[in-house]
Amino acid sequence: MYARAAATTAALLGAGALVLPTATASAQTPAPGTVKHDQPLVVAHRGASAYAPENTIAAIDKARDMGFRWVENDVQRTKDGELVIMHDDTLKRTTNVEELYPDRAPWKVKDFTAAEIAKLDAGSWFSKKYAGQRVPTLKQYMRRVSHNHQKLVFEFKKPELYPGIEKQGLRILRNEGWLDKHHVKSKLVIQSFSADSVKTVHKLRPDVKTGFLGTPSVADLPAYARFADQINSTHTSISAAYVSAIHALKGPHGKPLEIFTWTVNDAPNAKRAAGFGVDGIITNTPDVVRKALRDG
């Protein structure tokens, strides 16, 4: 990891925008005796997205049917202010928006109303089997997660495009019953690549568990621990030493920092990440990861 100057760490604690530090953590094999034997949580990335179209109701239902309680999603906002479940800030990759609205390139989520997005087919790109799947609104999605008795890693995607989205998202979560003590304690994590967004969530609802997506330098971890309970890093950027450095610190709720790593889709990397001692593994193929952890 690159050491960062004390001034940089101090700046992280200020009110200004936070810049994602560059990561150079080595992908080393953990030393004997350092393997953590408690299985990490397995989180179905955008639902069971290797087997059903990502961020759809079908994807979280597939995760449920495969026996996975934790799912992850992405939240963006429409032109008329509705929150919807979509990873990209454009609709092109995972819907038929280009066919229905050929003259509206580049098909940004923020340029379409909720009613227009509701007409899109969000399943046929993946498989004819899923033709007619829709882009869920956040309200629709949360009701299905509740119905499925699932738990959620909730991501504000590109919040810089949507001023105030944190307050709006928290309001919907509250209205859907997801900010009571039971859900906050054990069923919800809110994360973002934007440190400012994570700080905003922590300020608005300091009881909610939060995660920062990235791999800050070890020197900067204490600054992030002021407002994030998790440091959620890509699996290619972490090492046993880095995970240990995370666990050595306490987050804003006085508990050891955690790490959910992503996106791990094969057995060797699942075993490697588990060996580092990560707390969760986010994956498109949760069955592959589960089997690898059990075999390991």
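**Reading the labels**

Modeller: Residues 24 or more positions apart account for 63% of the contacts in the protein with a separation of 6 or more. Keep in mind that this is a predicted model. The protein has 12 helices and 9 strands. Of its 296 residues, 53% count as buried.

Biologist: Why is alanine 118 called partly exposed?

Modeller: Its relative accessibility is 43%. Buried means under 20%, and exposed means over 50%. The value falls in between, so alanine 118 counts as partly exposed. Alanine 118 sits in helix H4, residues 114–118. Its C-alpha atom is 6.3 Å from that of valine 135, a residue 17 places away along the chain.

Biologist: What makes a set of residues the largest nonpolar core, and which members touch the most others?

Modeller: The members are buried residues of the nonpolar kinds listed for a core, joined through side-chain atoms within 4.5 Å. The largest such set has 70 residues. Phe154, Leu173, Leu188 and Ile190 touch the most other members. Helix H10, residues 240–247, gives the most to this core, with 5 residues.

Biologist: Which residues does leucine 173 touch?

Modeller: Leaving out residues up to four places away in sequence, leucine 173 touches Met142, Phe154, Trp178, Leu179, Leu188 and Ile190. Touching here rests on heavy atoms within 4.5 Å. A second, separate core has 6 residues, among them Val43, Trp70, Val153 and Ile282.

Biologist: Which residues of helix H6 are buried?

Modeller: H6 covers residues 165–175, and its buried residues are Ile165, Glu166, Gln168, Gly169, Leu170, Ile172 and Leu173. They pack against several elements, including helix H5 (138–147), strand E4 (151–156), strand E5 (188–192) and helix H8 (195–204). Strands E2 and E3 are also partners of these buried residues. After H6 comes glycine 177, with a positive phi near 85°.

Biologist: How do you know that strand E1 pairs with strand E9?

Modeller: Count the bridges. Pairing takes at least two. E1 (residues 41–44) and E9 (residues 280–283) are joined by 4, so they pair. The two strands run parallel. Valine 42 stands opposite isoleucine 281 in E9.

Biologist: And how many bridges link E1 with strand E2?

Modeller: There are 2 bridges, in the parallel sense, between E1 and E2 (residues 70–77). That meets the cut-off of at least two, so this also counts as a pair. Valine 43 has tryptophan 70 as its bridge partner in E2.

Biologist: Why is another space called a pocket instead?

Modeller: A pocket is an open set of points, whereas a probe in a cavity cannot get out, so the two labels are kept apart. The largest pocket holds about 300 Å³ of space. It is lined by 13 residues, and Lys185, Lys209, Asp229, His253 and Lys255 lie nearest its centre.

Biologist: How does the lining of the largest pocket divide?

Modeller: It has 3 nonpolar, 3 polar and 7 charged residues. Asp and Lys count as charged, so Lys185, Lys209, Asp229 and Lys255 fall in that class.

Note on methods
Residues are numbered from 1 along each chain as its sequence is written. This is a predicted model: local features need pLDDT of at least 70, side-chain atom pairs count only at pLDDT 80 or more; totals for chains, interfaces and linings use all residues. Side-chain values use heavy atoms; hydrogens and water are left out. Buried means under 20% relative accessible area, exposed over 50%, partly exposed in between (1.4 Å probe, protein chains only). On a 1 Å grid over the protein atoms alone, a cavity is a set of points where a 1.4 Å probe fits but cannot get out, and a pocket is an open set with protein on both sides within 12 Å along at least five of seven lines; lining residues have an atom within 4 Å of a point. Grid points are joined across faces, edges and corners, and a volume is the space filled by probe spheres set on the points.
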